[in-house]
Amino acid sequence: MTDQAHRPRYDALTVGDRVVARQFTIRRADLIRYAGVSGDENPIHWSDRIARAVGLPGVIAHGMLTMALAGRAVTEWADDPGAVEEFAVRFTQPVVVPDDDGGVTLDVEATVAEKLPAPRVRLDLTVRCEGEKVLGAARAVVRLGPPTTFDAVVSDH
Amino acid sequence: MTTGTVSDFVGRSYRPAVPFDVNRTIIRHFASGIGEHHPACHDVDAARALGYPDLVAPPTFGIVATLPAAEALVRELGLDFSRVVHGEQRFVLRRPIIAGDSLDVVVTVERVRAVAGSQILTTRADIADADGAPIGTATTTLIVRGEA
């Protein structure tokens with residue numbers, strides 16, 4: 001791993017570089033917090049009773065929380081929360097969050113999949129929970145440079 | 001809830017009566033809720049130092065702005081929210097959402113299909129600023145799980 005304290009430089013990146021390896025813990029309290037800030041009140045994210053009644057193994061994390069954490073791993077690397085221009089995932093497995101103190105561990109890895117015209121790169125992400133892949137086809141296009149869209153002209157790049 | 005009924009919604013659009021106003025507090029609140037402590041989400045000077053006019057929203061924040069229209073859609077379709085799980089999500093952003101934005105969100109039903117007892121609903125949210133300039137799109141696939 002390179003030193004995360006420095007902003008990544010487009011010229012220094014090579015396809016295949018693993019640029020992100022980050023772990024997050026998800027506990028029930030995180031789901032309550034996410035429900036609050038997002039407005040997503042679906043009870044499958046806070047009630048075991050309702051989650052099981054609809055055939056889930058138990059309370060599951062909001063897919064958007066999992067995606068947000070994967071996004072955080074990417075924007076931490078870029079050192080710019082506004083650097084992600086495209087971000088796509090498939091939610092392939094539910095992230096089941098037990099009602100205990102330990103929660104579950106989310107492992108996020110990202111590698112450089114493609115160098116787009118400077119200063120953009122496409123990353124492929126691998127996101128696992130307790131060893132099992134929970135996101136599929138996860139990719140992000142990241143701008144490694146200052147935003148241009150807040151100048152007078154909005155470009156379509 | 002039948003596929004025939006739900007399919008009739010393809011092509012329909014939902015646009016909340018009021019824009020989604022983004023202020024500094026809601027960006028800080030959302031960022032904190034996902035554990036995002038980057039100063040550009042919390043401190044205006046830090047955001048300006050990165051080249052933004054004001055606090056920057058994390059890349060998935062747009063989903064919050066699409067929720068009022070998406071929930072209206074789920075209600076109109078008569079779907080049981082507890083049977084809805086997220087299948088896929090994609091954001092394409094011309095620029096990040098910034099504190100001070102007044103977001104105009106139009107959610108359109110793009111596709112409905114039935115797979116193995118579940119219904120799969122794809123919607124596209126077009127997000128624009130107060131002047132109508134596009135900011136980005138959020139494409140959402142929801143899976144409505146059938147009765148076991």
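This is a predicted model: local features need pLDDT of at least 70, side-chain atom pairs count only at pLDDT 80 or more; totals for chains, interfaces and linings use all residues.
1. The pairing itself involves strand S2 of chain A, residues 84–91, and S3(B); the two strands are antiparallel and share five bridges.

2. Across the interface of chain B and chain A, the rule finds one salt bridge. Polar contacts between chain B and chain A come to 16 residue pairs, with both residues at pLDDT 80 or more.

3. Which elements of chain B each supply at least two residues of the side that touches chain A? They are helix H2 (24–33), helix H4 (62–76) and strand S3 (84–93). S3(B) gives the most to that side, with ten residues. By class, the side of chain B that touches chain A is made up of 22 nonpolar, eleven polar and eight charged residues.

4. Now the extent of the interface. The size of an interface is often given as the accessible area lost when the parts come together. Here chain B and chain A bury about 3500 Å² between them, and 61% of that is on carbon and sulfur atoms. Within chain B, the residues that lose the most area to chain A are Ile34(B), Ser82(B) and Arg94(B), which together account for 15% of what that side buries. In terms of contacts, 41 residues of chain B touch 43 residues of chain A.

5. Is Thr75(A) buried or exposed? Thr75(A) counts as buried because its relative accessible area is 2%, against a cut-off of under 20%. Leaving aside neighbours within four places in sequence, Thr75(A) is in contact with Asp80(A), Pro81(A) and Val84(A) in chain A, and with Glu36(B) and Pro59(B) in chain B.

6. Strand S1 (residues 18–26) and strand S3 (residues 104–115) of chain A run antiparallel and are joined by eight bridges. In this pairing, Ile26(A) has Val104(A) of S3(A) as its bridge partner.

7. S3(A) also pairs with strand S4 of chain A, residues 120–129, again in the antiparallel sense, here over nine bridges. One position to look at is Glu109(A), which stands opposite Thr126(A) in S4(A). How many residues does the hairpin use to join S3(A) to S4(A)? The hairpin connects these strands through four residues.

8. Finally, the overall fold of chain B. Chain B has four helices and six strands, and from the N terminus on its elements follow the order α-β-β-α-α-α-β-β-β-β. Along the principal axes, the C-alpha atoms of chain B fill a box of roughly 55 × 30 × 20 Å. Of the 148 residues in chain B, 53% count as buried. Looking at contacts in chain B with a separation of 6 or more, 66% come from residues 24 or more positions apart.

How values were computed:
Residues are numbered from 1 along each chain as its sequence is written. Chains are lettered from A and ligands numbered from 1 in the order in which they are written. Side-chain values use heavy atoms; hydrogens and water are left out. Contact means heavy atoms within 4.5 Å. Buried area is the accessible area (1.4 Å probe) that two parts lose on being put together, summed over both. A salt bridge is a side-chain nitrogen of Lys or Arg within 4 Å of a carboxyl oxygen of Asp or Glu. A polar contact is a pair of N or O atoms within 3.5 Å; within protein, one must be able to donate a hydrogen and the other to accept it, and residues adjacent in sequence count only if both atoms are side-chain atoms. Ala, Val, Leu, Ile, Met, Phe, Trp, Tyr, Cys and Pro count as nonpolar, Asp, Glu, Lys and Arg as charged, and the others, Gly among them, as polar. Two strands pair if DSSP finds at least two bridges between them. Buried means under 20% relative accessible area, exposed over 50%, partly exposed in between (1.4 Å probe, protein chains only).
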